[in-house]
Each structure stands twice: as C-alpha cells, then as structure tokens.
Amino acid sequence: MTISFSLELPTQRVAAAHEFVTADAIAAIARAAESSGFAAVHVTDHPAPDAKWLDHGGHHALDPFVALAFAAAATTDIKLLTNVYIAAYRNPFLGAKSIQSLAVLSNGRLILGTAAGYLRPEFHALGIDFDSRGALLDEALDVLDKVLTGADIAYQGTSFAARGVRLRPLPPATPPVWVGGNSKPAIRRAVSRAQGWAPFNTFGYATASRTAEISTLDDLEAAINWVKSYATEIGRTAPLDICFSAGNLLDDNKSTDERHATIDRLHAAGVTWLTIAPTGADRAEVIERSQAFATEFIAT
C-alpha cells in the first residue's frame with residue numbers, strides 16, 4: 001500500500017484572490033488534482049482569525065464546507081478533506097448538518113479531519129470557551145455519530161438539549177473521521193474513536209500552535225510509536241490512517257532522491273496520507289508544480 005496525497009486548495013491566498021479564491025480557481029485546481037492522481041483536495045477552517053495572528057504568519061480561510069462543495073461540483077471521484085475542521089466553533093447539530101450535506105452532495109467523498117483548535121482569540125470572537133475545546137470536540141463527535149445512524153436523537157449537551165432530532169438524508173457512506181493534534185489527549189481521541197490521526201508539522205511553532213513539537217522525522221516516528229503502543233494498550237486492531245502535513249520536507253529545493261527517501265521513510269513509519277501545498281505566483285504555476293509533483297511521486 002502506498003501513501004496517498006492530498007493537494008491544498010490555496011484559498012487562504014487572499015492577496016491574489018482573483019487567482020486563488022474564486023469558484024473558477026477552486027474548480028481548476030481541484031480538476032487538476034483529480035486528473036493528476038491526487039487522492040484528495042483539502043482546505044482549513046478559520047472563521048474569525050485575529051489580526052495579530054494574521055500579521056505573524058496566520059492565514060484566512062473560506063468556510064470549509066462551502067469551498068469543498070465547489071470542488072466537489074467540479075470533480076467526480078477525488079476525496080474532499082477538511083484539514084482541519086474545528087468542531088467546537090459550531091453547535092454540534094449545525095456542524096453535523098454541514099458534514100451530512102457535503103457527504104450527500106459529493107456522493108460520499110468527504111473525509112472529516114477535525115481537531116480541538118488552538119487559536120484562543122478566535123474562540124473568544126465566537127463566544128466559545130477555549131478551555132472546554134476538547135470536551136466540545138468530544139460532544140460534537142458524539143452527536144455526529146448519532147446523526148449518521150439515522151436514529152432520532154436525544155442528547156443533553158453543555159449548552160443545548162435535543163429531543164427527537166432527525167436529520168435527513170443520510171450520506172451513501174459514513175465519512176471517516178481523522179482527529180488532528182500532537183498532544184496525548186488528541187492522540188488518545190484519534191486512536192479510541194476515529195479512523196485516522198492527523199499530526200501537525202509544527203516547524204518550531206509549537207508554542208504558538210499550543211501543541212507538542214513534531215518538527216522532524218525523528219519526532220514523528222516517536223509519536224507514531226506511541227500511537228501504536230496506545231492502540232495495543234486499548235485493544236484497537238482496526239487500521240488507523242495517519243495524515244501528516246509534508247510542509248518543507250518535500251520542498252522543490254530538495255533533490256528528487258531526497259524527497260523519495262523522505263516519502264519512503266514516512267511510509268515505513270506508518271504514514272498513509274501526506275498533504276502538500278505547492279507554491280506558485282499564480283494559479284497556473286501552482287497547477288504546473290502540482291502536476292510535476294504528481295508525475296514524480298504519485299504512483300498511478
């Protein structure tokens with residue numbers, strides 16, 4: 001089994017919105033990804049980023065379900081990955097309705113990457129208790145599990161109460177859930193209740209991102225070993241996807257042999273998915289670099 005690759009839809013590039021943040025741009029990049037052999041396209045989730053964070057390396061984002069719906073409409077088979085959706089930002093039933101809607105309209109192509117979140121000012125702007133983010137994620141996943149069974153739902157939440165709630169239509173396939181984050185609670189959550197784990201490549205920004213450091217392959221391998229140990233401890237036998245952000249590990253300034261060796265090492269460690277984000281001054285250059293990457297590194 002080889003590693004699968006997801007291509008970023010660069011909708012955060014608002015300084016060149018005409019190139020990257022239009023319906024045509026999303027459609028063109030998603031179609032190029034599909035035809036080149038990428039297994040998924042992905043976007044992130046930042047509904048209310050603060051100026052300080054944006055001015056120090058942060059980024060904007062479209063609503064992930066709206067952006068991925070445009071990608072879905074332009075493609076046929078490619079998966080649609082939220083990388084990552086912050087469930088705590090939304091009422092669990094509103095979140096579940098967005099998840100259900102995209103899964104239905106894309107004919108079951110959604111992969112739900114989700115995480116507790118880390119941007120405290122964003123939580124404050126949305127009126128969400130930052131310190132409860134882990135519990136709120138668990139609550140959202142509980143509700144989603146119930147929604148996707150099709151049963152009528154009764155649920156007492158921290159700030160809501162549901163009685164006899166029924167959501168239709170059901171998607172043709174239950175979206176796999178990947179839980180992101182490097183902390184031990186995030187890993188435990190992924191192993192105990194999800195189909196995948198999405199560790200975050202911190203690039204030395206662990207403090208800013210409020211998560212444990214994974215900035216080298218050694219760090220990642222150690223974390224994966226802990227994942228395997230914990231899975232054994234709780235008796236998990238089902239496969240666990242591991243989706244890692246490639247970041248600068250696969251930059252063009254590295255030789256082809258170096259990049260192949262890195263991919264081989266990641267695969268050997270247990271990584272099953274890599275997300276990549278090719279650079280480019282405009283849409284055409286991003287597509288060209290994506291296609292070149294696919295030609296060299298994606299088995300078809």
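## Around aspartate 45

Let's start with aspartate 45, which, in this predicted model, touches Ala61, Pro64, Val84, Tyr85, Ile86, Tyr89 and Arg90, leaving out residues up to four places away in sequence. You'll find aspartate 45 in the loop between strand E2 and helix H3 (51-55). Is aspartate 45 buried or exposed? Its relative accessibility is 2%, under the 20% cut-off, so aspartate 45 counts as buried.

Two of those neighbours have polar partners for the aspartate 45 side chain. One is isoleucine 86, whose backbone nitrogen is reached at 3.0 Å. The other is arginine 90: a polar contact of 2.9 Å joins the two side chains.

## Helix H4 and its cap

Pro64, which touches aspartate 45, belongs to helix H4 (residues 64-74) and is buried there, along with Phe65, Ala67, Leu68, Ala71, Ala72 and Ala74. What do the buried residues of H4 pack against? Their partners are helix H2 (23-36), strand E2 (40-43), strand E3 (79-86), helix H5 and strand E4 (110-115).

Now look at the N-terminal end of H4, which is capped by aspartate 63. Here a side-chain oxygen of aspartate 63 sits 2.9 Å from the backbone nitrogen of phenylalanine 65.

## Where H5 meets H7

Helix H5 (residues 92-105) also has a meeting with helix H7 (residues 133-147): their axes come within 9 Å and cross at roughly 50°. H5 and H7 are therefore oblique to each other, and H5 passes H7 in a right-handed crossing.

Which residues make the contact? On the H5 side they are Pro92, Phe93, Ala96, Ile99 and Gln100, while H7 brings Glu139, Ala140, Val143, Leu144 and Val147. Sorted by class, that gives eight nonpolar residues, one polar and one charged. As for spacing, an α-helix has 3.6 residues a turn, so residues three or four places apart point the same way.

Valine 21 lies in the loop between helix H1 (17-20) and H2. Not counting residues up to four places away in sequence, valine 21 touches Thr11, Arg13, Val14, Ala16 and Leu62. Valine 21 and glycine 247 are 226 residues apart along the chain, and their C-alpha atoms are separated by 21 Å.

Threonine 272 is in another loop, the one between helix H11 (256-269) and strand E10 (273-276). With a relative accessible area of 15%, threonine 272 is buried. Setting aside neighbours within four places in sequence, threonine 272 is in contact with Thr2, Ile3, Ser4, Asp241 and Ile242.

Key:
Residues are numbered from 1 along each chain as its sequence is written. This is a predicted model: local features need pLDDT of at least 70, side-chain atom pairs count only at pLDDT 80 or more; totals for chains, interfaces and linings use all residues. Side-chain values use heavy atoms; hydrogens and water are left out. Axes are lines fitted to C-alpha atoms, for helices over the stretch in contact, and angles run from 0 to 180 degrees between N-to-C directions. Helices (H or I, at least four residues) and strands (E, at least two) are DSSP runs, numbered from the N terminus. Angles under 35 degrees count as roughly parallel, over 145 as roughly antiparallel, 65 to 115 as roughly perpendicular and the rest as oblique. A crossing is left-handed if the near helix is turned anticlockwise from the far one by less than a right angle, and right-handed if clockwise. Contact means heavy atoms within 4.5 Å. Ala, Val, Leu, Ile, Met, Phe, Trp, Tyr, Cys and Pro count as nonpolar, Asp, Glu, Lys and Arg as charged, and the others, Gly among them, as polar. Buried means under 20% relative accessible area, exposed over 50%, partly exposed in between (1.4 Å probe, protein chains only). A polar contact is a pair of N or O atoms within 3.5 Å; within protein, one must be able to donate a hydrogen and the other to accept it, and residues adjacent in sequence count only if both atoms are side-chain atoms.
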